[in-house]
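Biologist: Thanks for sitting down with me over this one. Shall we go through it together, one question at a time?

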Amino acid sequence: MNELLASFAPITLDEMSSVKLMNRTDTKFVATLPKLLQLLEMAHGDYFAQEIDGERNMLYDTTYFDTDTFAMYREHQHGHANRQKIRFRTYVSSHLQFMEVKTKNNHGRTKKKRIEVADMDLQDEEKRQFLAKHLRFDADTLVPHMHNYFHRITLVNKGKTERLTIDTDLQFHNLLTDNHKDMGPLVIIELKRDGLVYSPVLEMLRQLHIHPHGFSKYCMGAAMTNDSLPLNRFKVKLGDVERILKKM
């Protein structure tokens, strides 16, 4: 994979400043490592690869918070159109950490608000003011539930109208049950674009029979590592993931 990534022209963080897409549409796809290698072979002429200090496959470390009654998990699990998630994400290569609130509205658009932080202390006044402004849930009900880490490749199309994130080596650690889940060769691809602009990768994904498939890292990780949580609509997605891995 490193050889394939080296064939992409690089793009820096500064050059990506116009592709933040903080108010965007997201489409996720679930694949396997062999399919990813085929996709990278097809895409190198149409996309830049983000590079930071010579790295193109960066380690991300994320901790998700939820209420003590799993309200955010349950909203997603019941299919609520307006739902939120809160996480602390560390970009290991750049040594930056952010507290992020993601809101998905009933029009399918995702808005992300974030501030840079030094820790996950929710008693900090700046964090509490941020949460009071952007999160519907009371900060005093929030507890850390799920930790995950993965490697991420970020591609940007030559028109700079979209980002494609590709996550591999995904692992979950449930902070309540202490259960661990290694997702092995599973690959999560997410197309992030400002509206329905033309996307070169969609035809490539179609040719590889990689189809849209929802995969919330928080919800799927929680469902796989906490037997006390209801599954309902996640049962089908969990079964789909198992079938995708069995096809390897």
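Modeller: Gladly, and let's start inside: both Phe65 and Phe88 are buried. Keep in mind that this is a predicted model.

Biologist: What kind of aromatic pair do Phe65 and Phe88 form?

Modeller: A pair of aromatic rings is described by the distance of the centres and the angle of the planes. For Phe65 and Phe88 the centres are 5.2 Å apart and the planes make an angle of 55°. Planes under 30 degrees apart would count as stacked and over 60 as edge-to-face, so the Phe65 and Phe88 pair is tilted.

Biologist: How many residues apart in sequence are the parts that this pair ties together?

Modeller: Phe65 belongs to strand 4 (residues 58-67), while Phe88 belongs to strand 5 (residues 83-91). The pair therefore ties together parts whose separation in sequence is 23 residues.

Biologist: And Tyr73 with Tyr218, what kind of pair is that?

Modeller: Their ring centres lie 6.5 Å apart, and the angle between the planes is 85°. Planes over 60 degrees apart count as edge-to-face, so Tyr73 and Tyr218 form a pair that is edge-to-face.

Biologist: Which helices does the pair of Tyr73 and Tyr218 link?

Modeller: Both tyrosines, Tyr73 and Tyr218, are buried. They sit in distant parts of the chain, 145 residues apart. Tyr73 is in residues 71-77 and Tyr218 in residues 217-225, which are helix 3 and helix 6.

Biologist: Which residues do ring pairs link into a cluster?

Modeller: The structure holds 7 aromatic pairs. Ring pairs join four residues into a cluster: Tyr60, Tyr91, Phe98 and Phe150.

Biologist: Is Ala6 buried or exposed?

Modeller: Ala6 is placed in helix 1 (residues 2-6). Its relative accessibility is 56%, and exposed means over 50%, so Ala6 counts as exposed.

Biologist: How far apart in space are Ala6 and His44?

Modeller: In sequence, Ala6 and His44 are separated by 38 residues. From C-alpha to C-alpha, the distance in space is 9.2 Å.

Biologist: Stepping back, what is the radius of gyration of the protein chain?

Modeller: The protein chain has 7 helices and 11 strands. For 248 residues the globule rule gives 18 Å, and the chain comes close to that, so it is as compact as a globular protein of that length. Its radius of gyration is 18 Å.

Biologist: What share of the contacts is between residues 24 or more positions apart?

Modeller: Here we count contacts in the protein chain with a separation of 6 or more. Of these, residues 24 or more positions apart account for 69%.

Terms used
Residues are numbered from 1 along each chain as its sequence is written. This is a predicted model: local features need pLDDT of at least 70, side-chain atom pairs count only at pLDDT 80 or more; totals for chains, interfaces and linings use all residues. Side-chain values use heavy atoms; hydrogens and water are left out. Helices (H or I, at least four residues) and strands (E, at least two) are DSSP runs, numbered from the N terminus. The radius of gyration is taken over C-alpha atoms; the globule rule is 2.2 Å times the number of residues to the power 0.38. Contact means heavy atoms within 4.5 Å. Rings of Phe, Tyr and Trp (its six-membered ring) pair if their centres lie within 6.5 Å; planes under 30 degrees apart count as stacked, over 60 as edge-to-face and the rest as tilted. Buried means under 20% relative accessible area, exposed over 50%, partly exposed in between (1.4 Å probe, protein chains only).
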